[in-house]
Amino acid sequence: SKYHLSREYKKTFGVTLGNDLTAKRISHAKSLLRFTSDSVEQIAVSCGFQNAGYFIKVFRKAENMTPLEYRKKW
């Protein structure tokens with residue numbers, strides 16, 4: 001079941017499946033922000049986020065800066 005999978009994943013890797021997926025999405029977004037000129041909206045969709053607003057919120061929580069601030073940093 002999905003609950004068993006979730007428990008076993010956390011037991012094995014130390015993080016929940018959802019948190020791990022979000023971290024991988026943010027990591028991919030960071031590389032797109034650095035190496036492409038795609039808009040934040042395009043990057044959000046290509047990383048699996050429903051909309052740019054939610055992507056910005058999650059990115060800020062993970063990196064303590066907005067995606068545009070991250071892009072300017074590099």
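Colleague: What makes Asn 64 exposed rather than buried?

Modeller: The model is predicted, and in it Asn 64 has a relative accessible area of 69%. Exposed means over 50%, so Asn 64 counts as exposed with its 69%.

Colleague: Where is Asn 64 found?

Modeller: Asn 64 lies in the loop that joins helix H4 (52–63) to helix H5 (67–73).

Colleague: What is the phi of Asn 64?

Modeller: It is positive, about 60°, although Asn 64 is not a glycine. Most residues other than glycine have a negative phi.

Colleague: Which elements make up the protein, and in what order?

Modeller: The protein has five helices and zero strands. From the N terminus on, the order reads α-α-α-α-α. The C-alpha trace spans about 40 × 20 × 20 Å along its principal axes.

Colleague: How many of the residues count as buried?

Modeller: The share is 26% of the 74 residues. A residue is put in that class because its relative accessible area is under 20%. The accessible surface of the protein comes to about 5500 Å², and carbon and sulfur atoms hold 55% of that surface.

Colleague: What share of the contacts with a separation of 6 or more comes from residues 24 or more positions apart?

Modeller: Such residues account for 41% of them.

Colleague: How far apart are the mean positions of the positive and negative charges?

Modeller: They are 5 Å apart, for 14 positive and 6 negative charges.

Conventions
Residues numbered from 1 in each chain as written. Predicted model: local features only at pLDDT ≥ 70, side-chain atom pairs only at ≥ 80, totals over all residues. Heavy atoms only, no water. Helix = DSSP H or I, 4+ residues; strand = E, 2+ residues; numbered from the N terminus. Buried < 20%, exposed > 50% of the residue type's maximum accessible area, 1.4 Å probe, protein only. Contact = heavy atoms within 4.5 Å. Areas by Shrake-Rupley, 256 points an atom, 1.4 Å probe, with all protein chains shown as cover. Lys, Arg positive; Asp, Glu negative; His and termini not counted. Charge placed at Lys NZ, Arg CZ, Asp CG, Glu CD.
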